[in-house]
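Please read the following report alongside the sequence and the three-dimensional view. It moves from the whole chain to a few individual side chains.

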Amino acid sequence: ARLHPIKGLVRLLQLLPSVQGHINLVIAGPEEDADYVASCRNLAYRLPNRIQVIWAGPLVPEAVYGAFCSTHLYVLPTESENHCYTIQEALNAGCPVLTSDATPWGGITTAGVVWTISNQNACEWIAVLQDFVDMDHKAYLKLLKKVNNYMSAKGADCSAQLATLSMVEQVIGRADIP
């Protein structure tokens, strides 16, 4: 997503210190508001050492799918969206999503692949982020399967993500994960 006040990056950077554990945050997108990006960089600089921030800049369209495939969770605390194609792109790549309730994606929260939370509810944001930080590998693989099953049912091509998941399961000897 573009780096603009409406996308809520400042909100995320303010919440992260309340989440315990190691976090690698990759921030990708074109910088549309220089003052806003400067304030985001200032907040990121002041984060605890256990939170690493990588500024990836804008991604070429061909790199978006791969970026989402290597991401554990797409977080977008946006203030407003009409459709939010980046959520669709994340799900197509098998990446679960945490976003605000200011998107039209709340209807699939019950599928367990997208979490939509009011931006006014900082405690719930922190709780979901903490759940992801604390999630063990087996639980995460189950979640990836849930995302892929959901998207497969919707007709999305998740073959690359499923092949990667199958390889990981074989390498760690966990082909028994449903």
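## Surface and burial

The accessible surface of the chain comes to about 9400 Å², and carbon and sulfur atoms contribute 54% of that area. These values, like the others in this report, were computed from a predicted model. Of the 178 residues in the chain, 42% are buried.

## Fold and contacts

The chain contains 7 helices and 5 strands, and, read from the N terminus, these elements follow one another in the order α-β-α-β-α-β-α-β-β-α-α-α.

## Aromatic pairs

The structure holds 2 aromatic pairs. In one of them, the ring centres of F68 and Y74 are 5.0 Å apart and the ring planes stand at 75°, so this pair is edge-to-face; the cut-off for that term is an angle over 60 degrees. F68 and Y74 are both buried.

W115 and F132 also form an edge-to-face aromatic pair, with 5.3 Å from centre to centre and an angle of 85° between the planes. Because W115 belongs to strand β5 (residues 114–117) and F132 to helix α5 (residues 122–134), this pair ties together parts of the chain that are 17 residues apart in sequence.

## A charge over a ring

An arginine and a tryptophan side chain deserve a separate look. The charged end of R41 sits over the ring of W55, at 4.2 Å from the centre of that ring.

## An exposed loop residue

Where in the chain is N49 found? N49 is located in the loop between α2 (34–45) and β2 (51–57), and its relative accessible area is 73%, so N49 is classed as exposed, a term that requires a value over 50%. Although N49 and H22 are 27 residues apart along the chain, their C-alpha atoms are separated by 8.6 Å.

Methods:
Residues numbered from 1 in each chain as written. Predicted model: local features only at pLDDT ≥ 70, side-chain atom pairs only at ≥ 80, totals over all residues. Heavy atoms only, no water. Helix = DSSP H or I, 4+ residues; strand = E, 2+ residues; numbered from the N terminus. Buried < 20%, exposed > 50% of the residue type's maximum accessible area, 1.4 Å probe, protein only. Areas by Shrake-Rupley, 256 points an atom, 1.4 Å probe, with all protein chains shown as cover. Phe/Tyr/Trp six-rings, centres within 6.5 Å; stacked < 30°, edge-to-face > 60°. Lys NZ or Arg CZ within 6 Å of the ring centre and 35° of its normal.
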